[in-house]
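Please read this briefing alongside the sequence and the coordinates. It concerns side-chain arrangements and is grouped by topic.

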Amino acid sequence: EWCRDYLGVRFEPDNLFFFGGHSRKRALIPVGHTGTEFITKFQAKADELGIPVITNMKAEELIKDKSGRVVGVKATMNGAEYTFNAKGGVVLATGGFGANPAMVKKYNPKIDERFKTTDAPGTTGEALYMAQRAGAELVNMQYIQTYPICDPISGVIELIADARFDGAIMLNQEGKRFVEELGRRDVLSEAILDQTGGYCWVLWNDKIGAVSNTVKEHPTEYDAFTKQGIMTTCPDLKCIADFTKIPYDSLNGTVDRVTSMAGKGNDKDFRHRAGLVDMSQGQYYVIKAVPSVHHTMGGVRINEKAQALTADGKVIPGLWAAGEVTGVTHGTNRLGGNAYTDI
């Protein structure tokens, strides 16, 4: 309501989404289906209020006074040093460390060189160590979430493959389903990595595409992923089998079984919580997918007022933290949409 009424963020009307891991439809989707709608409205509000936003500047160190209060930030830009003095305090809101492969592997060795990231290039985690040097405790750093359906080449989320929220199925190289498509992100990611080659194929048809706002919102991805050679469109399953090198009989058998179990509560194999969809008719669409590092649940320990805390639970005066830089909101894994509670 705050985003809608104060910032003016537009949400799609009557499009309550069944995000992975949830037990009910409860995710609202912004117009455009990306964070752009939020960021542009935040920028407009900052401009309206006269809040300066300085880009291309790197924060280097938190400044404390003799009493231990955080009173500013040292920063650099084009080789020059700057000091920002804080009247009320400093808020760390620098995101996680998903784009820092060495840091990811340090805290969770299982997430190694195989993984790319969905995150912005600046999500490298230095501010976590700034906070630590200022006395803050870092907690839950080993809990790192991967997003299961990403581009094997760049690591970015395949937004078009979120057709799985509307009934698309996930197949291994043998042409079999191997997990409930609406499971938690960590469950899906681990299941994919256990399959031949450590990847999966996401398959859907026009019946799913016709109702999927996710598919409709990202038409440019068809061309982009098709040119990369990881996606194709086919009139029938034989064409899909030829492209994916999945045995045709196995693929056809799986699609027949999915169609026979269409409807909510009918999935005898993996208990699809939203219900499978009839996939007996084409066109068909398929895309190759792998997990990528997506969200780091660990970070600065805070209290319910978002004040940074030391290892013994004492407040660090003048220092607050919000967003993915914090480490106590989600526990071991994050449900889609819940990052807004961090913010």
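The model is a predicted one. Its aromatic pairs come to a count of 12, and one of them, between phenylalanine 19 and phenylalanine 165, is tilted, with 5.4 Å from centre to centre and 40° between the planes.

**Aromatic rings**
- The pair of phenylalanine 19 and phenylalanine 165 links distant parts of the chain, 146 residues apart: phenylalanine 19 lies in the loop between β1 (11-17) and β2 (27-30), and phenylalanine 165 in the loop between β8 (144-150) and β9 (169-171).
- Phenylalanine 19 counts as buried because its relative accessibility, 16%, is under 20%, and phenylalanine 165 likewise counts as buried, at 8% relative accessibility.
- Trp2, Tyr6 and Phe42 form a cluster that is linked by ring pairs.

**Charges over rings**
- Tyrosine 6 has the charged end of lysine 45 over its ring, 4.1 Å from the ring centre.
- Over the face of tyrosine 199 lies lysine 288, at 4.2 Å from the ring centre.

**Asparagine 303**
- Asparagine 303 is placed in the loop between β13 (299-300) and β14 (307-309), and with a relative accessible area of 18% it is buried.
- The side chain of asparagine 303 reaches the backbone nitrogen of lysine 305 at 2.9 Å, and a polar contact of 2.9 Å joins the side chain of asparagine 303 to that of glutamine 307.
- When residues up to four places away in sequence are not counted, asparagine 303 touches Leu309 and Val315.

Technical notes: Residues numbered from 1 in each chain as written. Predicted model: local features only at pLDDT ≥ 70, side-chain atom pairs only at ≥ 80, totals over all residues. Heavy atoms only, no water. Phe/Tyr/Trp six-rings, centres within 6.5 Å; stacked < 30°, edge-to-face > 60°. Helix = DSSP H or I, 4+ residues; strand = E, 2+ residues; numbered from the N terminus. Buried < 20%, exposed > 50% of the residue type's maximum accessible area, 1.4 Å probe, protein only. Lys NZ or Arg CZ within 6 Å of the ring centre and 35° of its normal. Polar contact = N/O pair within 3.5 Å; in protein donor to acceptor, adjacent residues only side chain to side chain. Contact = heavy atoms within 4.5 Å.
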